[in-house]
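Please look over the sequence and the model before reading on.

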Amino acid sequence: ANDKERLLEVNLALLEKSKGMMGDAKQFIDGASDMDNTQSGDGRELDASEYALQRHKWAGALSAAVEAVLEDCPLWLEDLRNIVKGSGKYDEFQVSTRNIAACSAQLLAMSRASISATLASGGKKNKSQIEKSSDHLVVSSHSVLAAARDANNFHLANILLTDLEGLSETQE
């Protein structure tokens, strides 16, 4: 009974952290989308061709980041399901989790590198928002990985104990 309670506790912690990470991913994407919408101003600081090029780069980066998150989410969810069931591989879950967090880092780097000249005051606010939400996403991904490691270790320990109990019964 104690093992079942511990299993429930470990899995609930993992699911709660995962829910938080997905919320952070949503906030990041929403902030990046808002930033994209803010940039649709006239770009007075740049000539029209430079502005169009930066706008195109930003839209491409935003699209790539959102697509990468959306592509990784089904894999991530399947890996999460398997970890909770005790049949998953921690390494696969770690890769899919880190891929989602990496998307935010790439988009954040793009926003810092090439768009700052074109942002109006509202854009600076959105830029700050995506910087914060990117940081939150990275931190929450680390929390998810720690919780997944705990769940994986619990499942591995149970397998070991079951094997040891079977060995003792055979030796008797």
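The sections below treat the model, its fold, its core, its cysteines and its salt bridges in turn.

## Model and confidence

The structure is a predicted model. The protein chain has an average pLDDT of 80, and 81% of the residues score at least 70.

One stretch calls for caution. Over residues 117–122 pLDDT stays under 50, and for these residues the model has 11 contacts beyond four places in sequence.

## Overall fold

The protein chain holds 4 helices and 0 strands. Read from the N terminus on, the order of its elements is α-α-α-α. Among the contacts in the protein chain with a separation of 6 or more, 81% are accounted for by residues 24 or more positions apart.

The chain has 172 residues, of which 37% count as buried.

In soluble globular proteins, nonpolar side chains tend to be buried together. In this model the largest nonpolar core has 30 residues, and those with the most contacts inside it are Leu 14, Trp 58, Trp 76, Phe 93, Leu 107 and Ile 130. The elements that give two or more residues to this core are helix H1 (2–38), helix H2 (48–85), helix H3 (90–114) and helix H4 (121–171). H2 provides the largest share of the core, with 9 residues.

With its neighbours within four places in sequence left aside, Leu 14 is in contact with Leu 80, Ile 83, Val 84, Val 144, Ala 147, Ala 148 and Ala 151.

## A buried serine

Ser 18 has its place in helix H1. This serine counts as buried because its relative accessible area is 3%, under the 20% limit used for that class.

Which residues is Ser 18 in contact with, leaving aside its neighbours within four places in sequence? They are Trp 76, Leu 80 and Val 144. Of these, Trp 76 is also listed among the residues with the most contacts inside the largest core, while Leu 80 and Val 144 are also in contact with Leu 14.

The structure holds 0 disulfides.

## Salt bridges

A search of the whole structure finds 3 salt bridges. In helix H1, Glu 9 and Arg 6 are 3 residues apart, so about one helical turn separates them. The closest N and O atoms of this salt bridge are 3.0 Å apart. Glu 9 is partly exposed, with a relative accessible area of 48%, and Arg 6 is partly exposed as well, at 36%.

Helix H1 also contains Lys 26 and Asp 30, which are 4 residues apart and so separated by about one helical turn. Lys 26 forms a salt bridge with Asp 30, with 2.7 Å between the closest N and O atoms. Lys 26 is exposed, with a relative accessible area of 53%, whereas Asp 30 is partly exposed, with a value of 34%. In helix H2, Arg 81 and Glu 78 are 3 residues apart, again a separation of about one helical turn. Their closest N and O atoms are 2.7 Å apart in the salt bridge they form. Arg 81 counts as partly exposed at 45% relative accessibility, and Glu 78 counts as partly exposed at 36%.

Terms used. Residues numbered from 1 in each chain as written. Heavy atoms only, no water. pLDDT = per-residue confidence, 0-100. Contact = heavy atoms within 4.5 Å. Core = buried A, V, L, I, M, F, W, Y, C linked by side-chain atoms within 4.5 Å. Buried < 20%, exposed > 50% of the residue type's maximum accessible area, 1.4 Å probe, protein only. Disulfide = S-S within 2.5 Å. Salt bridge = Lys/Arg side-chain N within 4 Å of Asp/Glu carboxyl O.
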